[in-house]
Amino acid sequence: ENHWSMKALHREIMLSATYQLAYGPAEPNDTVDSDNRLLWRANLHRLDAEELRDSLLYVAGVLDERLGGPGESLNLPNNKKRTIYGRISRSGPNRSLLLFDFPDQNISLDQRSATNVPLQTLFFMNSDVIWADAGLLAARLASETDDAAKIRKAYRTVYGRAAGDDEVQEALKFLAKAEKDTAGEKPA
């Protein structure tokens with residue numbers, strides 16, 4: 001009908017009611033199908049190590065989205081290409097990716113493990129990579145003049161959606177408390 005147009009197929013999928021479903025709960029559906037076997041809502045899933053790294057680079061505004069090219073070691077701090085283009089070293093794998101269940105290159109497995117360990121949380125609190133990316137995100141938000149606009153831009157950048165009014169108010173309360181707790185020093 002559309003002469004096998006991929007663009008038309010993508011449009012059809014993206015404009016479908018199923019594709020546009022949100023994750024939020026709906027009481028009538030939840031009582032009938034709490035396991036979501038009938039796909040009445042989107043299912044949450046954990047990001048893989050590659051998706052996590054790419055998301056951090058994207059939010060920081062430094063992801064190199066060019067396609068192809070030679071692979072670079074993922075251990076190089078200036079490697080901003082998507083993880084799929086990374087060169088994997090069997091002798092010196094990227095420790096950050098291994099922490100988030102990146103597959104071991106020396107073993108053949110049919111499935112990845114999915115772990116939740118305290119080291120993952122500590123990585124987000126203490127990693128130089130995370131601190132640098134957070135600083136880059138803060139710099140991206142600095143172009144906005146007031147805190148509410150920064151919050152809205154942060155939601156659009158990080159979550160890919162608009163912030164709700166209640167979320168903006170909650171974030172403004174958090175910033176006011178943080179400013180009070182730091183003796184008037186305004187947080188970035």
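Mentor: Before we start, a contact here means heavy atoms within 4.5 Å. Keep in mind, too, that this is a predicted model.

Trainee: OK, which residues is Thr-157 in contact with, leaving aside its neighbours within four places in sequence?

Mentor: Start with where Thr-157 sits, which is helix α7, residues 147–158. Once the neighbours within four places in sequence are set aside, the residues in contact with Thr-157 are Tyr-58, Val-59, Leu-137 and Arg-140.

Trainee: Is Thr-157 buried or exposed?

Mentor: Its relative accessible area is 14%. The cut-off for buried is under 20%, so Thr-157 is buried.

Trainee: And which backbone oxygen does the side chain of Thr-157 reach?

Mentor: Look inside helix α7, where Thr-157 is found. At 2.8 Å, the side chain of Thr-157 reaches the backbone oxygen of Lys-153.

Trainee: Moving on to helix packing, at roughly what angle do the axes of α3 and α6 cross?

Mentor: The two axes come within 8 Å of each other. On the α3 side the contact is made by Leu-56, Leu-57, Tyr-58, Val-59 and Ala-60, and on the α6 side by Ile-130, Asp-133, Leu-136, Leu-137 and Arg-140. By class, that gives 8 nonpolar, no polar and 2 charged residues. As for the crossing angle of α3 and α6, it's roughly 35°.

Trainee: What about α5 with α6: which word describes how α5 lies to α6?

Mentor: Their axes come within 6 Å and cross at roughly 45°. That angle makes the arrangement of α5 to α6 oblique.

Trainee: How many nonpolar residues are in the contact of α5 with α6?

Mentor: From α5 you have Phe-123, Phe-124, Met-125 and Asn-126, and from α6 Asp-128, Ile-130 and Trp-131. Sorted by class, there is 1 polar residue and 1 charged one, and the nonpolar count is 5.

Trainee: Now the charges. How many salt bridges does a search of the whole structure find?

Mentor: In general, side chains of opposite charge can pair when their charged atoms come close. Searching the whole structure for salt bridges turns up 7.

Trainee: Take Arg-46 and Asp-101: how many residues apart in sequence are the parts this pair ties together?

Mentor: Arg-46 and Asp-101 form a salt bridge, with the closest N and O atoms 3.1 Å apart. Arg-46 lies in the loop between α2 and α3 and Asp-101 in the loop between α4 and α5, so the separation of the parts they tie together is 55 residues.

Trainee: Where in the chain is Arg-82, the partner of Asp-54?

Mentor: The closest N and O atoms of the Asp-54 and Arg-82 salt bridge are 3.7 Å apart. Asp-54 belongs to helix α3, and 28 residues away Arg-82 is in the loop between β1 (72–73) and β2 (86–87).

Trainee: Last one: which residues do salt bridges that share partners join into one network?

Mentor: Glu-167 and Arg-161 meet in a salt bridge of their own, N to O at 2.8 Å. Glu-167 is partly exposed at 23% relative accessible area, and Arg-161 is partly exposed at 35%. The network joined through shared partners is made of Arg-53, Asp-54 and Arg-82.

Methods: Residues numbered from 1 in each chain as written. Predicted model: local features only at pLDDT ≥ 70, side-chain atom pairs only at ≥ 80, totals over all residues. Heavy atoms only, no water. Salt bridge = Lys/Arg side-chain N within 4 Å of Asp/Glu carboxyl O. Helix = DSSP H or I, 4+ residues; strand = E, 2+ residues; numbered from the N terminus. Buried < 20%, exposed > 50% of the residue type's maximum accessible area, 1.4 Å probe, protein only. Axes fitted to C-alpha atoms, helices over the stretch in contact; angles between N-to-C directions. Parallel < 35°, antiparallel > 145°, perpendicular 65-115°, else oblique. Nonpolar A, V, L, I, M, F, W, Y, C, P; charged D, E, K, R; others polar. Polar contact = N/O pair within 3.5 Å; in protein donor to acceptor, adjacent residues only side chain to side chain.
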